[in-house]
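Please open the structure in your viewer and keep the selection tool at hand. This tour goes from one stop to the next.

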Amino acid sequence: KSKELKTLTFGLAFFHALVQERRAFGSLGWNVPYGFNDSDFRISVRQLHMFLDQADDGDGAGHGIPYKALRYIIGEVNYGGRVTDDWDRRTLNALLSHFITPEIHSPNYSLSSSGQYLVPPDGPHQSYLDYIKTFPVTGAPEVFGLHENADITKDMSMTTSLFQSILLTEAGSASGKEQQR
């Protein structure tokens with residue numbers, strides 16, 4: 001099941017990047033900021049590999065793959081173990097269901113509603129890296145399952161944070177000058 005493993009691993013990697021980057025949208029991304037990390041991804045890939053080794057139906061169509069069990073382990077245990085908010089748990093599992101599904105093996109399966117991000121065709125490792133390089137540097141909010149206006153909110157929040165930091169720096173240097181007198 002090498003082809004299925006590659007496709008599902010790609011989908012899982014895309015999911016991991018998605019849950020990481022949703023943090024940039026603040027409370028629009030997650031109600032509570034979570035510390036998803038590479039260990040969540042690594043254990044999920046190991047379990048995916050284990051499940052695929054055990055799912056031997058011989059037809060090569062992915063029918064023997066226990067998608068429901070994979071979604072439960074990944075969504076409720078590996079990543080979901082960090083999630084404390086019920087709405088965030090629902091969101092996480094809804095996002096995951098788009099990546100751990102039999103449809104992901106279909107040609108040109110879209111990972112986003114725009115169709116800009118597709119699962120690459122089966123190939124060697126380098127072909128996946130080359131394919132990823134064709135993705136836009138900055139993902140649109142629709143990739144993260146958010147409305148396009150989420151970018152406005154994120155950018156305003158980042159701008160406010162930047163200006164507050166500048167003002168704190170300015171205030172700190174002004175008090176330093178007064179102490180020198």
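Is Gln20 buried or exposed? Gln20 is buried, because its relative accessible area is 16%, and buried means under 20% relative accessible area, exposed over 50% and partly exposed in between, with a 1.4 Å probe and protein chains only. Before going on, note that this is a predicted model, in which local features need pLDDT of at least 70 and side-chain atom pairs count only at pLDDT 80 or more, while totals for chains, interfaces and linings use all residues. Residues are numbered from 1 along each chain as its sequence is written, and side-chain values use heavy atoms, with hydrogens and water left out.

With Gln20 still selected, find it in helix H1, where helices are DSSP runs (H or I) of at least four residues, numbered from the N terminus. Leaving aside residues up to four places away in sequence, Gln20 touches Phe36 and Asn37, a contact being heavy atoms within 4.5 Å.

Next, select Tyr34, which sits in the loop between helix H1 (2-21) and helix H2 (38-54). Tyr34 counts as buried because its relative accessibility is 5%. Apart from residues up to four places away in sequence, its contacts include Arg23, Arg82 and Asp88. Arg23 is 11 residues from Tyr34 in sequence, and their C-alpha atoms are 7.8 Å apart in space.

Finally, select Ile166 in helix H6 (residues 150-180). Ile166 counts as partly exposed because its relative accessibility is 45%.

Notes. Helix = DSSP H or I, 4+ residues; strand = E, 2+ residues; numbered from the N terminus.
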